[in-house]
Amino acid sequence: MGIDAKIDVSYVGRLERGTENPTIGLLDRLSHVLGVHVSELLQEPDPLADPAPRLKPGRKPRGQR
């Protein structure tokens, strides 16, 4: 996702951990890549919803990045 949105993947990690604050422009790019409306990125998660599935650890092979 980070590459598709033209941002560094380490920056995405900092966003996820809450150590960085995204700009409106970045939220717009991320929502486009994810295929959701930008407002969905600003909503609190539903505490009763099933958690998102975990990704496999590690990096993708070079050809799949």
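User: Hi! What does the side chain of Ser 31 have 2.8 Å from one of its polar atoms?

Analyst: The backbone oxygen of Asp 28 sits at that distance from the polar side-chain atom of Ser 31. Please keep in mind that this is a predicted model.

User: Good to know. Where is Ser 31 placed?

Analyst: Ser 31 is part of helix H2.

User: And is Ser 31 buried or exposed?

Analyst: Ser 31 is buried, because its relative accessible area of 5% falls under the 20% cut-off.

User: Which residues is Ser 31 in contact with, leaving aside neighbours within four places in sequence?

Analyst: Ser 31 contacts Val 36, His 37, Val 38 and Leu 41. For the pair Ser 31 and Leu 41, 10 residues apart along the chain, the C-alpha atoms are separated by 7.2 Å.

User: Let's zoom out. How many helices and strands does the protein chain have?

Analyst: The protein chain has two helices and zero strands. Helix H1 covers residues 9-17, and helix H2 covers 24-34.

User: How much of the protein chain is buried?

Analyst: Buried residues account for 17% of its 65 residues. The chain exposes about 6,000 Å², and 54% of that comes from carbon and sulfur atoms.

User: Why would residues a few places apart in a helix end up on one side?

Analyst: An α-helix has 3.6 residues a turn, so residues three or four places apart point the same way.

User: Which residues make up the largest nonpolar core?

Analyst: It has seven residues in all: Ala 5, Ile 7, Tyr 11, Val 12, Leu 15, Leu 26 and Leu 30. H1 and H2 are the elements that give two or more residues to this core. The largest share, three residues, comes from H1. As general background, nonpolar side chains in soluble globular proteins tend to be buried together.

User: Tyr 11 keeps coming up. What does Tyr 11 touch beyond four places in sequence?

Analyst: Tyr 11 touches Glu 20, Asn 21, Pro 22 and Leu 26.

User: Changing topic: how many salt bridges does the structure hold?

Analyst: There is one salt bridge. The partners are Arg 14 and Glu 20, whose side chains meet at 3.1 Å, N to O.

User: What lets such side chains pair?

Analyst: Side chains of opposite charge can pair when their charged atoms come close.

User: Now the surface. Which residues make the nonpolar patch of about 270 Å²?

Analyst: Leu 34, Leu 41 and Leu 42 make that patch. Leu 34 lies in helix H2, while Leu 41 is in the segment after H2. Leu 42 is also found in the segment after H2.

User: Where do the C-alpha atoms of Leu 34 and Leu 42 sit relative to other parts of the chain?

Analyst: The C-alpha atoms of Leu 34 and Ala 5 are separated by 9.3 Å, with the two residues 29 apart along the chain. For Leu 42 and Leu 27, 15 residues apart along the chain, the C-alpha separation is 9.1 Å.

User: Great, thanks!

Terms used. Residues numbered from 1 in each chain as written. Predicted model: local features only at pLDDT ≥ 70, side-chain atom pairs only at ≥ 80, totals over all residues. Heavy atoms only, no water. Helix = DSSP H or I, 4+ residues; strand = E, 2+ residues; numbered from the N terminus. Buried < 20%, exposed > 50% of the residue type's maximum accessible area, 1.4 Å probe, protein only. Areas by Shrake-Rupley, 256 points an atom, 1.4 Å probe, with all protein chains shown as cover. Contact = heavy atoms within 4.5 Å. Core = buried A, V, L, I, M, F, W, Y, C linked by side-chain atoms within 4.5 Å. Patch = residues over 30% accessible without salt bridge, like charges linked within 9 Å, V, L, I, M, F, W, Y side chains within 5 Å. Salt bridge = Lys/Arg side-chain N within 4 Å of Asp/Glu carboxyl O. Polar contact = N/O pair within 3.5 Å; in protein donor to acceptor, adjacent residues only side chain to side chain.
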